[in-house]
Amino acid sequence: MIRRPPRSTLSSSSAASDVYKRQINRNNIDINSYEQVLKESNCFEPAMQPWVLDIVSPNWKMLCHDNGSFIMPLPVRQKFGIQYITMPIFGQKLKILSDGTKPESIFDIVRFLKRRFLRISINIDCPSPKTKGFSDRSTYILPLNKTYEEIWQDMNKGHRKNIRNASSSSTIVKSPIGTSYLFGMKEELYAQKGVKFSDYDKSTLSNLFEIALNQHKSPYYIVFHDKIAVASAIFVRIGNRFVIESAVTNFGRKTNAGYLLLNQFIKDNANTQAILDFAGSSIPSIARFRKGFGAIHQEYTNFMWRWL
């Protein structure tokens, strides 16, 4: 059940002018109650978790109906004193958590946000309305509730061949140490693509990975070829969901290290209730790579809008 926050927890600045919806500032949110709602809703989306939001979007707020019929966090950022909404560096999509009495319309939510923010880029776990401002996004998940042998047979033949080849030349290590290898590979990859890996993003991911490793027991793998690290990944644990954040060097791609890395995680967690979350990508080659492991395709909606 979605519980309406007490009026006493809402500051006058956080209450929206809309008579039905309101925003609640982070310091006025009852985190224990919110975590209970997430548990009851079986919601393990990273961008919905308060511990993740506190790291990647520290100014986040909560959007809710005045009668408590729905809630959804808002990843709010601020620049030059102007607040805007954008999906954080780690966090794929949001969910509208409803008590079931009346599903909240995505159009009503977007209309509310457009009156209060000059720029919006937000992903929501719902079908796209197929109208201006909305677009489809894709992701893949792989439930690991089958035996490893069954999952292996569901994999693409090419994937199985690449895993065998990589196994003969590389070694994979499940490591309890920090994620320095992963950061080094990400920096190299971003530089090659001409993408800025800002100090803010580095610090944000570093804090996230440290807490994921030490407080949430998230597994971390490194693939070595001739004692040189060629691929690494952390699988951020949220309930029974494991969200992958990975990087592979140029040589690692040539030796199929990414295939070996994912195969080892699948082998270690097969025949459990674990779900491998590939965290989405609309790039065709990456989508094919993930689908080849037998992953299930899912769609969600992106809404983009700016006043200027």
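**Helix packing, cores and loops in a predicted model**

Phe 197 is in contact (heavy atoms within 4.5 Å) with Phe 183, Lys 186, Glu 187, Tyr 190, Lys 202 and Leu 205, leaving aside its neighbours within four places in sequence. The structure is a predicted model, in which local features need pLDDT of at least 70 and side-chain atom pairs count only at pLDDT 80 or more, while totals for chains, interfaces and linings use all residues. Residues are numbered from 1 along each chain as its sequence is written, and side-chain values use heavy atoms, with hydrogens and water left out.

Phe 197 lies in the loop between H6 and H7. Helices (H or I, at least four residues) and strands (E, at least two) are DSSP runs, numbered from the N terminus. At 9% relative accessibility, Phe 197 counts as buried. Buried means under 20% relative accessible area, exposed means over 50%, and partly exposed is in between (1.4 Å probe, protein chains only).

Two packed helices are described by the angle between their axes and the distance between the axes. Axes are lines fitted to C-alpha atoms, for helices over the stretch in contact, and angles run from 0 to 180 degrees between N-to-C directions. The axes of helix H6 (residues 180-193) and helix H7 (residues 199-215) cross at roughly 150° and come within 11 Å. H6 is therefore roughly antiparallel to H7. Angles under 35 degrees count as roughly parallel, over 145 as roughly antiparallel, 65 to 115 as roughly perpendicular and the rest as oblique. The crossing of H6 with H7 is right-handed. A crossing is right-handed if the near helix is turned clockwise from the far one by less than a right angle, and left-handed if anticlockwise. On the H6 side, the meeting residues are Leu 182, Phe 183 and Glu 187; on the H7 side, they are Lys 202, Leu 205, Ser 206 and Phe 209. By class, this contact has 4 nonpolar, 1 polar and 2 charged residues. Ala, Val, Leu, Ile, Met, Phe, Trp, Tyr, Cys and Pro count as nonpolar, Asp, Glu, Lys and Arg as charged, and the others, Gly among them, as polar.

Helix H6 also holds Lys 186. Lys 186 is buried, with a relative accessible area of 6%. Leaving aside neighbours within four places in sequence, Lys 186 touches Phe 197, Glu 245, Ser 246 and Ala 247. Gln 192 is partly exposed, at 42% relative accessible area. Beyond its neighbours within four places in sequence, Gln 192 is in contact with Asn 250 and Arg 253. The C-alpha atoms of Gln 192 and Asn 250 are separated by 10.0 Å, although the two residues are 58 residues apart along the chain.

Helix H5 (residues 157-169) and helix H9 (residues 257-269) pack with their axes 8 Å apart, at an angle of about 95°. H5 is therefore roughly perpendicular to H9. H5 contributes His 159, Asn 162, Ile 163, Ala 166 and Ser 167 to the contact, and H9 contributes Tyr 259, Leu 260 and Asn 263. This contact has 4 nonpolar, 4 polar and no charged residues.

In soluble globular proteins, nonpolar side chains tend to be buried together. A nonpolar core is a set of buried Ala, Val, Leu, Ile, Met, Phe, Trp, Tyr and Cys residues joined through side-chain atoms within 4.5 Å. The largest such core has 35 residues, and Leu 113 and Ile 122 have the most contacts inside it. Two or more residues come from each of helix H1 (31-40), strand E2 (61-65), strand E3 (70-74), helix H3 (106-114) and strand E7 (119-124). H3 gives the most to this core, with 5 residues. Leu 113 is in contact with Leu 63, Leu 74, Ile 85, Ile 120 and Ile 122, its neighbours within four places in sequence left aside. A second, separate core of 32 residues includes Tyr 148, Ile 163, Val 223 and Ala 231.

Two loops complete the survey. Lys 130 is in the loop between E7 and E8. Lys 130 is not a glycine, yet has a positive phi of about 60°. Lys 130 counts as exposed, at 62% relative accessibility. Lys 227 is in the loop between strand E10 (220-225) and strand E11 (228-238). Phi of Lys 227 is also positive, near 70°. Lys 227 is exposed, with a relative accessible area of 81%.
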